[in-house]
Amino acid sequence: MDATSPPKHQYDLGAVVVCRRCDGLFQAAALEPTQNAKCPDCGEILLRNRAASIQFVLAAALSGAMFLAIAIAYPVLGASLGGLRTEVNLVTAPDAFLDTRFIVVAWVMVLISVLAPGIQVAALCWLLIFALRQRRAPGFSWLLSILRALRPWAMLEVFLLGSLIVIVKIGSWVSVILGPGLWALSGFACLVAALRHFEASILWTRSDLR
Amino acid sequence: MSARAAALGIALCPVCGQVGDIAMTARCNRCGGVLRLPNARASAERSLAWLLAGIILYVPANLLPVMYVSGIGGEGEDTIFEGIVEFWRSGSIGLAALIFCASVAVPLTKFAGLGILIATSLCGTAAAPLSRARLYRFVEFIGYWSMLDVVVVALTSRLVRFGGFAVAEPRPGILFFCGVVILTMLSAFSFDERCIWAPEHAS
């Protein structure tokens, strides 16, 4: 495209908002602290108050990091039969697929239950701690693109539901022990909404971040 | 309905959300992300390729056993559907329904939903954009719950390792099922939602 061709429109690009879902174009409006702006066409939230969400999401990310550490360090479930005991936590669950035929599934399990959620909470903590001090964290744009790419692959709530099903599934023939990791996963599941729906790219729009 | 940004040559940076004029710059001037106008045909074809791959893998995922179990009740290999029937027979009707939703209803809904979205996009229709946008969000939302079966097989075969007493092991069906979930997720992500609203910009 010719870089010198004049724009096809009369808009000041600093004063318009484009919906990321339906591509609708709107004039930006000033928001009160508790207001959100919704897309009139598709209902997506276009703008929301930011200062509050940074503190709230940082709190969620820090607690998420602690819950995740517990579910990695302590068993999520245990089983015993005839004096033998087995245990499983987030990191050892992919062991089930160590057979070379299934090694791909093992890597998928590592991604969805350890790597994606772990990097997600770590990157959010890092970015938001700097944002609270009105600063742009080192690795800012790189971390934001990582966060965006990993978002759909963090599936700890699926892991939690799977654990609950396994309790019933094997409970009739072995005795099942609920580990501290299971409670930690339940805690993490409560935070998922906050972590998953936080649009980290709003950090770009904070003009005070330098 | 309000104006579409694409009709005016304005594109949203997918990385940082900055608005850019495609006639002036091909890259976002804040973060360097590539600005693209929606291209209905390209997005539908890419999405269709992932979807067809997922549908093909869905056949062995259902025909092959996903887990081998030996224990008090004898030994045997279960496909996904046999696992659901077993829950049903043992009286856990709610759980059977839950697993049926996650491993049968969700993949089939995704095939149908993405199929409709891709077909309407390829036809270039402008009908019912809001319903189709809702359908897309629904498909996007339910997508990853199918991974439930993979987690159940992983946890069961990791826990039930009691030598001669009871053993559970994964079987190849789970590999294909995991593939179905990932391919249909990729299919949903490669479909550009903006095309639902601006079919006339298919180029």
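Predicted model: local features only at pLDDT ≥ 70, side-chain atom pairs only at ≥ 80, totals over all residues.
**The interface.** Select chain B and chain A together. The contact takes 68 residues from chain B and 67 residues from chain A. Next, highlight Arg158(B), Leu159(B) and Phe162(B): these three supply 12% of the area that chain B buries against chain A, more than any other three residues. Between them, the two chains bury about 6200 Å², of which 74% is on carbon and sulfur atoms.

**Salt bridges.** Four salt bridges are found across the interface of chain B and chain A. To view one of them, select Asp41(A) and Arg4(B), whose closest N and O atoms are 2.2 Å apart. Then turn to helix 5 (residues 148-159) of chain B, which gives eleven residues, the largest share of the side of chain B that touches chain A. By class, that side has 51 nonpolar, seven polar and ten charged residues.

**Aromatic pairs.** The count over all chains is six aromatic pairs. Select Tyr58(B) and Phe111(B), an edge-to-face pair with 5.2 Å centre to centre and 85° between the planes. Tyr58(B) lies in helix 1 (residues 40-63) of chain B and Phe111(B) in helix 3 (residues 93-123) of chain B, so the pair ties together parts 53 residues apart in sequence. Tyr58(B) counts as buried at 13% relative accessibility, and Phe111(B) counts as buried at 12%.

Finally, select Tyr144(B) and Trp145(B), a tilted pair with 5.5 Å centre to centre and 40° between the planes. Tyr144(B) is buried, with a relative accessible area of 9%, whereas Trp145(B) is partly exposed, at 23%.

Methods
Residues numbered from 1 in each chain as written. Chains lettered and ligands numbered in written order. Heavy atoms only, no water. Contact = heavy atoms within 4.5 Å. Buried area = accessible area lost by both parts, 1.4 Å probe. Salt bridge = Lys/Arg side-chain N within 4 Å of Asp/Glu carboxyl O. Helix = DSSP H or I, 4+ residues; strand = E, 2+ residues; numbered from the N terminus. Nonpolar A, V, L, I, M, F, W, Y, C, P; charged D, E, K, R; others polar. Phe/Tyr/Trp six-rings, centres within 6.5 Å; stacked < 30°, edge-to-face > 60°. Buried < 20%, exposed > 50% of the residue type's maximum accessible area, 1.4 Å probe, protein only.
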